[in-house]
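Have the sequence and the model open side by side.

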Amino acid sequence: MTPPLKIAIAGAGGRMGKTLIEAVVQRADVLLSGALEHAASLVLGNSVAANVRISADAGAVLKGCDVLIDFTRPDASLPLIGACAEHGVKMVIGTTGYDEAGKAAIRAAAERTAIVFAANYSVGVNLTFHILDTVARVLNEGYDVEIIEAHHRHKIDAPSGTALRMGEVVANALGRDLRECAVYGREGQTGARNGQTIGFATVRGGDIVGDHTVLFAGEGERVEITHKASGRMTFAAGAVRAAVWLAQRDKGLFDMQDVLGLRHDTV
Ligand SMILES: NC(=O)C1=CN([C@@H]2O[C@H](COP(=O)(O)OP(=O)(O)OC[C@H]3O[C@@H](n4cnc5c(N)ncnc54)[C@H](OP(=O)(O)O)[C@@H]3O)[C@@H](O)[C@H]2O)C=CC1
Ligand SMILES: O=C(O)C1=N[C@H](C(=O)O)C[C@H](O)C1
C-alpha cells in the first residue's frame with residue numbers, strides 16, 4: 001500500500017492555515033505532518049492534530065513532508081520557496097501579492113521542484129476564468145471592462161490576486177497587455193474613459209470572504225460575471241487537491257487550471 005502523502009502547512013495559525021489543517025485532517029489519503037509559523041508567533045507549540053504542534057523550525061517541518069502548502073505573505077514565503085527547491089519539497093502556493101522578483105523566484109524554484117501556484121484554488125473561480133475568456137472574445141469591441149473585488153478588513157494586498165488574474169485573462173483574450181492597460185482606482189478630473197483600459201476597484205470591510213465581479217459595459221447593455229466565496233473551505237479543499245495532484249510531478253510550474261484539467265491555450 002502507498003503511504004499517505006505527507007503535507008505541512010505554512011501560516012498554520014492564520015485564517016487559511018486553520019482551514020487547511022481542517023481540510024487535510026478530513027482526508028484519509030493524506031497526513032498532516034507539520035505546521036509552521038514564524039518565531040514570534042503567539043500560537044507556537046499549540047497542538048493542531050495528533051502528534052503535530054505548531055513549530056517555527058522550518059528545517060524540521062520540511063524534512064518531514066512531501067508537500068508544503070503556503071498561505072502566508074510574500075516576504076515569509078520566499079525563503080520557504082528557496083528552501084523547498086533546495087530540499088526537493090513540492091509546494092502549493094496560495095499566497096498573493098508577489099512583485100515581479102517574487103514571481104521570478106517562484107519560476108526559478110519550479111526548475112528544481114514541482115509547484116502549483118494559483119491566486120485562487122476554488123473550482124468556481126477557475127471555471128470563471130474560462131467563462132471570462134469566452135465573454136471577452138465575443139464582447140471584444142465597444143465594451144468597457146471593469147473588475148470589482150471585495151474582501152475582509154484584514155487583507156493586506158490590493159487588488160486581490162484573483163482580480164489581477166481575471167484582468168490578465170481578459171487582457172490576453174483582447175490582445176492587450178495588462179501591465180499597459182490597467183487602471184487602479186480613479187479620483188478627481190480623470191477625463192473620459194479610455195476604451196482600451198481595464199479598470200480595477202477594491203472594497204475592504206468586515207468579514208467578506210471574497211467577491212469578484214467582471215463588468216463588460218456597452219451601449220444599451222452590460223454583462224456582469226460574479227463569483228462569491230462564502231467560506232474558506234473552497235480554497236483549502238482545492239489546495240489539498242493540488243497537493244495530491246503534485247504527487248505525480250517531479251518539477252515544473254503549474255496552476256489550478258492544470259490540476260482541474262481545464263488548461264487550453266488561452267487561459
Ligand atoms: N490562493 C487562494 O485560493 C487564496 C489565497 N489567499 C492568500 O493567502 C494568504 C494568507 O491569507 P490569510 O490566511 O487570510 O492571512 P492570515 O494573516 O490570517 O495568515 C497568514 C499566516 O501566516 C503567518 N506567518 C507570517 N510569517 C510567517 C512565516 N515566516 N512562517 C510561517 N508563517 C508565517 C501569519 O502569522 P502572524 O499573523 O503572526 O503574522 C499568519 O498566521 C494571503 O496572501 C491571501 O491573499 C487567501 C485565501 C485564498
Ligand atoms: O486574502 C484573501 O482572503 C483572499 N485572497 C485571494 C486573492 O487575493 O485573490 C483569494 C480569495 O479571494 C481570498
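Predicted model: local features only at pLDDT ≥ 70, side-chain atom pairs only at ≥ 80, totals over all residues.

Residues are numbered from 1 along each chain as its sequence is written, and chains are lettered from A and ligands numbered from 1 in the order in which they are written.

**Domains**

The protein chain splits into domain 1 (5–117 + 232–259) and domain 2 (123–229). These bounds come from an automatic or database domain assignment. The C-alpha centres of the two domains lie 28 Å apart. Eight residues of domain 1 are in contact with eight residues of domain 2; contact means that C-beta atoms, placed from the backbone, lie within 7 Å. On the domain 1 side, α8 (233–246) and α9 (256–259) are the elements that give two or more residues. Helices (H or I, at least four residues) and strands (E, at least two) are DSSP runs, numbered from the N terminus. That side of domain 1 divides into one nonpolar, five polar and two charged residues.

The UniProt record, an unreviewed entry, annotates residues 124–260 as "domain: Dihydrodipicolinate reductase C-terminal". Such annotations may be inferred rather than shown by experiment, and their positions are given in the numbering used here. Over residues 124–260 the chain is 36% helix and 27% strand. The end C-alpha atoms of that stretch are 11 Å apart.

**The eight-stranded sheet**

Eight strands form an open sheet with mixed pairing, in the order β3-β4-β2-β1-β5-β6-β7-β13. Two strands pair if DSSP finds at least two bridges between them. β3 (47–49) and β13 (252–254) stand at the edges with a single partner strand each, so one side of each is left without a neighbour in the sheet. The twist averages 25° from one strand to the next. Strands β1 (residues 5–10) and β5 (residues 67–70) run parallel, joined by four bridges. A10 stands opposite D70 in β5.

Helix α1 (residues 15–26) lies across β1, β2 (30–36), β3 and β5. Helix α4 (residues 100–109) packs on the sheet too, touching β6 (90–93), β7 (114–117) and β13.

**The five-stranded sheet**

Here the order is β9-β10-β8-β11-β12, again open and mixed. β9 (182–184) and β12 (222–229) are the edge strands, each pairing on one side only. β8 (residues 144–151) and β10 (residues 198–204) pair in the parallel sense over seven bridges. V145 has I198 as its bridge partner in β10. Helix α5 (residues 123–138) lies across β11 (210–217) and β12.

Axes are lines fitted to C-alpha atoms, for helices over the stretch in contact, and angles run from 0 to 180 degrees between N-to-C directions.

| Helix | Strand | Angle |
|---|---|---|
| α1 | β2 | about 155° |
| α4 | β7 | about 145° |
| α5 | β12 | about 170° |

**Ligand shells**

Which residues come nearest to ligand 1? Of the 25 around it, they are G11, G14, M16, A76 and G94. A residue counts as near if its C-beta atom, placed from the backbone, lies within 6 Å. α1 gives the most to this shell, with three residues. By class, the shell around ligand 1 has nine nonpolar, 13 polar and three charged residues. Ala, Val, Leu, Ile, Met, Phe, Trp, Tyr, Cys and Pro count as nonpolar, Asp, Glu, Lys and Arg as charged, and the others, Gly among them, as polar.

Around ligand 2 are T96, A119, N120, H151, K155, S160, G161, T162 and G210. Its shell has one nonpolar, seven polar and one charged residues.

Definitions and conventions:
Contact = placed C-beta atoms within 7 Å.
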